[in-house]
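The sequence and the model come before the text.

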Amino acid sequence: MAAPPRARDPQSVLFACAMNSVRSPMAESLLQHMFPQGLYVKSAGARKGELDPFAIAVMAELGQDISAHKPQTFEELEDWEGLNFDLIITLSPEAHHKALELTRTLAAEVEYWPTQDPTTIEGSRDQKLAAYREVCDQLLMRIRRRFAKVGAANG
């Protein structure tokens with residue numbers, strides 16, 4: 001049997017984590033900046049959190065402003081615009097279970113990218129920022145690898 005077609009070149013991507021306050025907004029911003037025209041990118045959380053000031057600071061270092069991001073849940077996103085995404089990338093176990101549950105009736109592909117939650121790091125401000133930077137770097141690497149071929153014909 002042939003494998004089902006994969007969302008090789010997704011037109012719309014949803015990043016999801018536990019509270020849509022650190023990892024998924026970072027990933028959303030990174031991918032959006034990579035493909036400002038080519039892709040529709042959003043993020044959501046299994047639960048609703050507050051946007052994290054360390055996430056804002058680390059993204060600002062890259063020249064990306066996520067300070068206006070409003071954390072939202074899968075349900076809120078579904079109510080507002082539906083979950084019409086080609087690809088849902090989950091960054092936490094909780095979000096992954098939720099995405100699988102929600103996509104049973106959808107044609108979306110779900111990929112799990114286990115990503116450390118930097119909010120669990122104890123220590124000084126510099127140690128915490130270092131943890132957030134590491135998560136940001138890991139996300140950027142994964143995004144570059146996953147979406148390297150998307151839009152390659154255009155650029």
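## Fold and overall shape

In this predicted model, the order of elements along the protein chain is β-α-β-α-α-β-α-β-α. That makes five helices and four strands. The radius of gyration is 15 Å, close to the 15 Å that the globule rule gives for 155 residues, so the chain is as compact as a globular protein of that length.

Along the principal axes, the C-alpha atoms of the chain fill a box of roughly 55 × 35 × 30 Å. Among contacts between residues at least 6 apart in sequence, 72% join residues at least 24 apart.

## Surface and charge

The protein chain has an accessible surface of about 8,500 Å², and carbon and sulfur atoms account for 52% of that area. Of its 155 residues, 48% count as buried.

Charged side chains number 17 positive and 21 negative, with the centres of the two sets 4 Å apart.

## Nonpolar cores

The largest nonpolar core contains 29 residues. Phe15, Met26, Leu31, Ile89, Ile143 and Phe147 have the most contacts inside this core. Two or more residues each come from β1 (12-17), α1 (23-34), α2 (53-61), β3 (87-90) and α5 (125-146). The largest share, seven residues, is supplied by α5.

Beyond its neighbours within four places in sequence, Phe147 is in contact with Pro10, Val13, Leu31, Phe35, Leu39, Leu87, Ile89 and Trp113. Another core, of 12 residues, lies apart from the largest one and includes Leu14, Phe74, Leu77 and Ala95.

Conventions. Residues are numbered from 1 along each chain as its sequence is written. This is a predicted model: local features need pLDDT of at least 70, side-chain atom pairs count only at pLDDT 80 or more; totals for chains, interfaces and linings use all residues. Side-chain values use heavy atoms; hydrogens and water are left out. The radius of gyration is taken over C-alpha atoms; the globule rule is 2.2 Å times the number of residues to the power 0.38. Buried means under 20% relative accessible area, exposed over 50%, partly exposed in between (1.4 Å probe, protein chains only). Contact means heavy atoms within 4.5 Å. Accessible areas come from the Shrake-Rupley method with a 1.4 Å probe; for residues, only the protein chains shown count as cover. Lys and Arg count as positive and Asp and Glu as negative; His and the chain ends are not counted. The place of a charge is taken as NZ of Lys, CZ of Arg, CG of Asp or CD of Glu. A nonpolar core is a set of buried Ala, Val, Leu, Ile, Met, Phe, Trp, Tyr and Cys residues joined through side-chain atoms within 4.5 Å.
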